[in-house]
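Q: I have a structure open and want to learn how to read it. Can we go feature by feature?

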Amino acid sequence: MSAAVSARPAGASTMNRIVIYGLLAIFAVIYLIPLFVMLVTSFKTMDEIQNGNMLALPQSPTVAPWVRAWGETCVGLTCAGIKGYFWNSIKMVVPAVAISTLLGALNGYVLTKWRFKGHKLVFGLMLFACFIPFQSVLLPMATILGQFGQFGKFLYNSTGLTFGFGNPTVNLVFVHVVYGLGFTTLFFRNYYEAFPTELVKAAMVDGASFFQIFRRVLLPNSLPIIVVTVIYQFTNIWNDFLFASAYAGSGDVMPMTVALNNVVNTSTGVVEYNVNMAAAMIAALPTLLVYILAGRYFVRGLMAGAVKG
Amino acid sequence: MAFLEIDRLVKRFGATEVLKGIDLSVEEGGFLVLVGPSGCGKSTLLSMIAGLDTISDGEVRINGRRVNELHPSQRDIAMVFQSYALYPNMTVAENIAFGLEMRGVPKAEREVAVAKVAETLQMGHLLKRKPSQLSGGQRQRVAMGRALVRDPQVFLFDEPLSNLDAKLRVDMRTEIKRLHQRMGTTIVYVTHDQIEAMTLATKIAVLKDGVLQQFGTPAEVYNNPVNVFVADFMGSPSMNIMPAAIRSENGKTVVALARKDEDDLVLDPGPASERLGGSIGQTVLFGIRPEAITDHDGADRNARTLVDVDCHVDVVEPAGSDTFVVTSLGGKHVIARMRSDAAVKSGGRAPFSFNMDKAVFFDPKTEKRVA
């Protein structure tokens, strides 16, 4: 009797497990199939793609499509591969991530440890920035960037240098910093909310200044949230297409996402699916790499921020 | 002139006053303990001395210098925090040296100073560790080292022992006392533990609801509490306080305590007789510490007014070193502290010796001391 009672829940839980893991496996497969197709296609020859099965493994794997995507494929009218645009993206994403993360940390520090009257309102307004749709700022931002361009011209005429004003890459960095500030501030404020204030007080008694406390006490103890912010910002900025196409949508200054779009849309002869897939993989690699390297901290950091605030 | 002077200090948060005009002073080398229940404003007071909280009104002077407007780092103070507040990313040595580094002391000098402090606190072997690798007691030591290294004019301690376990707390208490005796630096110490206050202080300030209740030496505060709150707060087990009638019998003033199913217990109030003269015919609160009620042979030999009476024994609590005997007087439980081998049994009767030299009397309405 007692054996039967205890056996029933055990059997039920095994059943539950099978259902749960079965469902998880199915969804994982559905989610991974596109990636799988991209990957195998990028290693196939054109013949194989045209005659074979989409899901089949490559018969004679070749890296030629990757080489072609990187160095030879046509983006619009120039046929020098996507490598230049890859570096464009790097040049944009690194400063944008660094600046927005640093400013977010500084905001979080002030909003939790140096509170002033109305700090809640300021934080609320910064949060509001997270909910503004990209599209609604396109035109106003274009006007501002136009002004920057004018100012750059003025500087060039008077000093011979533009100091970056009017440079499309600099423009994109500016846009992404402004747009990312809401999110980075949110992350850091919630993290620092749970950060012991006594440490800041101890540093004050020790004679550390505002920035010394920030640099020597807060920042070295913020690794988890820095990782979260960097992953989040890196992914968003690297993958952004709207701002990139609006403010740097043509010529040599295009970021990777716009260039990839142009690779796929270039209509000269046959569509080279394998090259397109390789280019797409190259475009996705940096974000993938960031996740793999820092993903462990990602979950940990999200949790740390979630406890309080 | 005192070394640290706190003058009519007021702290307001909006319309609420949390400190209502505190006056305190400590001599150089003194050990001031701020004690009181939680929410009494003692930690706020300490923060204001440190400069971590602004001063709404009044003045704080250190060595004759007004420090109200000075940044914490310029007040020449060091503080030990309740949570220790060690920088988790720095080693013990870096933690201790941080204050010196911020003040621009050259590296070589810093190392000498750290080594000296490490020797004083016997923690040379810990210098290369991170705070996360230390035990609670060791962290406490590092926190003290960080304060010691700067050789400030005033040390501020904010409940430094409250995170330690009972045994370690007693050890560290002795350590702090020893350190104070050797260094002779002025200390302000916040605690809610009245035993810590008694053992460490040269002066105790008892606070309640932002008002200073009593300020004096530990003996004064313990033996001559100014009101019921102080009497009750200081001492463990706390003072027995019960209603008593003051009467005149044969021209002598006596204290009568109601007993259940028995005649009133009548006591000679001893040295308080004269001052109780005005209260004849009234009810007052009679306070007497457990150690002033003993078995006859355990009584203080120097006591001048010793009253022996038989009382009913409700409960006996042997505590090893003493035996606490509980009886009922004036409708309250009254604890007597007898020797551990006193022959008392619960349910029976036993002789109690009241040392009325130590008796105190309070007005039942104002709760202030009357005699």
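A: Start with one pair of helices. In chain B, A93(B), I96(B), A97(B), L100(B) and E101(B) of α2(B) meet R110(B), A113(B), V114(B) and V117(B) of α3(B). Residues are in contact here if their C-beta atoms, placed from the backbone, lie within 7 Å. Helices are DSSP runs (H or I, at least four residues) and strands likewise (E, at least two), numbered from the N terminus.

Q: Which residue classes make up the contact of α2(B) with α3(B)?

A: The contact of α2(B) with α3(B) divides into seven nonpolar, no polar and two charged residues. Nonpolar covers Ala, Val, Leu, Ile, Met, Phe, Trp, Tyr, Cys and Pro; charged covers Asp, Glu, Lys and Arg; the others, Gly among them, are polar.

Q: What should I know about the model and its numbering?

A: This is a predicted model: local features need pLDDT of at least 70, side-chain atom pairs count only at pLDDT 80 or more, and totals for chains, interfaces and linings use all residues. Residues are numbered from 1 along each chain as its sequence is written, while chains are lettered from A and ligands numbered from 1 in the order in which they are written.

Q: How is helix packing described?

A: Two packed helices are described by the angle between their axes and the distance between the axes. Axes are lines fitted to C-alpha atoms, for helices over the stretch in contact, and angles run from 0 to 180 degrees between N-to-C directions. Here, α2 (residues 92–102) and α3 (residues 107–120) of chain B pack at about 130°, with axes 10 Å apart. That makes α2(B) oblique to α3(B). The cut-offs: under 35 degrees is roughly parallel, over 145 roughly antiparallel, 65 to 115 roughly perpendicular, and the rest oblique.

Q: What is the handedness of the crossing of α2(B) and α3(B)?

A: α2(B) passes α3(B) in a right-handed crossing. A crossing is right-handed if the near helix is turned clockwise from the far one by less than a right angle, and left-handed if anticlockwise.

Q: How is chain A divided into domains?

A: Domain bounds come from an automatic or database domain assignment. Chain A has domain 1 (1–62) and domain 2 (65–306). Their centres, taken over C-alpha atoms, are separated by 35 Å. Eight residues of domain 1 of chain A contact ten residues of domain 2 of chain A. On the domain 1 side, α1 (2–42) and α2 (46–51) of chain A give two or more residues. The largest share, four residues, comes from α1(A).

Q: And which domains does chain B have?

A: Chain B has domain 1 (4–233) and domain 2 (240–362). Their C-alpha centres lie 39 Å apart. Five residues from domain 1 of chain B and five residues from domain 2 of chain B form the contact.

Q: How many residues does each chain give to the contact between chains A and B?

A: Chain B gives 17 residues and chain A gives 14 residues. On the chain B side, β6 (77–80) and α2 each supply at least two residues. That side divides into twelve nonpolar, four polar and one charged.

Q: Where does UniProt place the "domain: ABC transporter" feature?

A: The unreviewed UniProt entry places this feature at residues 4–234 of chain B. UniProt positions use the numbering used here, feature names are shortened, and annotations may be inferred rather than shown by experiment. The span is 36% helix and 26% strand.

Q: Which peptide bond is cis?

A: The bond from S236(B) to P237(B) is cis, with omega near -5°. P237(B) is found in the loop between α8 (228–233) and β11 (240–249) of chain B.

Notes
Contact = placed C-beta atoms within 7 Å.
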